[in-house]
Amino acid sequence: MGVGMIDAKAFQEKVREYVRGQMQIYPCKSNRASMLGGDCNRLIVYWRTRWQEAAMHSETLESIFREGRLHEDATITLLRESGFQIIEQQRPYQWKEFEITGHVDGKIVEPDRKIPFEIKGYASHTWAKLNSIADFLAENQPHYIRKAPVQLNLYLWMDNVEEGLFILKNKGTGELKFIPMPIDIDLGDRATKQAVRINEHIAAGTLPDRMSYDPEQCDECSFVHLCLPDVANRVAEIGGDELEKLLAVYARCKPFAAEYEAAHAAIKELVKEKPEVLTPLYRIVGKWIDKKGLEIKPSRYWQTRILPLGD
Ligand code: SF4
């Protein structure tokens, strides 16, 4: 066979077909710890009462699940190679009173205790920003990150253990980060109350109200066809070349936007009220600007411009 005769499309289709064959929907008979802490109780009630009608997730999501399992296995192997003793992988928990169940990823054995842990893999920019439990729970985090401490906290409650551990894997570099999590009574209380509300709806055969429409969650929801048929049946417009080019630029620049904003704000603070500052590459000039306006309240701010030397 000569050069250029490889049928790349057929190769790709072979893998996609295999991934499609792995896709399954499992029955859901309890409030899974990994579901609690989310924004939509209605979704959990759908899962528990009408799981057979869930829309099959996408191949992309199946690949993400698959990657998650691979990262988990690789992390456990690395921990063992590093000398940790790991036990009780996927140990099941059940809290009958609240109909909560779950499986912890494993426990690290120390001389005086066993520490339950959860492994989470994140893209590099997300991994870099998660350094404490408060970072996970911040309001601006996506729902799947905010839910993670609720899940681990429930395992701590069900195991009667005071402290657990997040092991975060940077999916870009393979680095690990360890974040301890002390048991959180308020968080546990909120999760069990959420479970009670869900159980009451299931017993009464009712559905909780919809949460306010969130494209990120509702458009990907397995029950959007039951809950919001108008959204499920919406026909999207096809974007043109210009939009595609702009989106490529947007995607390329987005990871750097937050870094840029933080550096810019820090520079402005460093040079505030200094009319001119020189560095080997830049001349930074500044002046007070007085704002006069009818609609905008008069105020003033220190304007900073960063000018490359040599222009
Ligand atoms: S479509 Fe939105 S509101 Fe409805 S169940 Fe799903 S996540 Fe909840």
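This is a predicted model: local features need pLDDT of at least 70, side-chain atom pairs count only at pLDDT 80 or more; totals for chains, interfaces and linings use all residues.

Biologist: What is the strand order in the open sheet of 5 strands?

Modeller: The order is β2-β5-β6-β7-β8, with mixed pairing; strands (E, at least two residues) and helices (H or I, at least four) are DSSP runs numbered from the N terminus, and two strands pair if DSSP finds at least two bridges between them. At the edges are β2 (86–87) and β8 (176–182), each pairing on one side only.

Biologist: And how do β6 and β7 pair?

Modeller: Strand β6 (residues 113–122) runs parallel to β7 (residues 163–170) over 6 bridges, and Phe117 stands opposite Leu165 in β7.

Biologist: Which helices pack on the sheet?

Modeller: Helix α3 (residues 59–81) touches β2, β5 (106–110), β6, β7 and β8, and its direction makes about 135° with that of β6. Helix α6 (residues 143–159) touches β6, β7 and β8, at about 165° to the direction of β6. Contact means C-beta atoms, placed from the backbone, within 7 Å; axes are lines fitted to C-alpha atoms, for helices over the stretch in contact, and angles run from 0 to 180 degrees between N-to-C directions.

Biologist: Switching topic, why does β10 lie largely in the open?

Modeller: Of the 10 residues of strand β10 (residues 282–291), the number buried is 0, so the strand lies largely in the open; buried means 20 or more other C-beta atoms within 10 Å of a residue's own, all placed from the backbone, with exposed at 12 or fewer and partly exposed in between.

Biologist: How is β9 joined to β10?

Modeller: A hairpin links them through 3 residues, while 3 bridges join β9 (residues 276–278) to β10 in an antiparallel arrangement, with Leu278 opposite Arg283 in β10.

Key
Residues are numbered from 1 along each chain as its sequence is written. Two residues are in contact if their C-beta atoms, placed from the backbone, lie within 7 Å.
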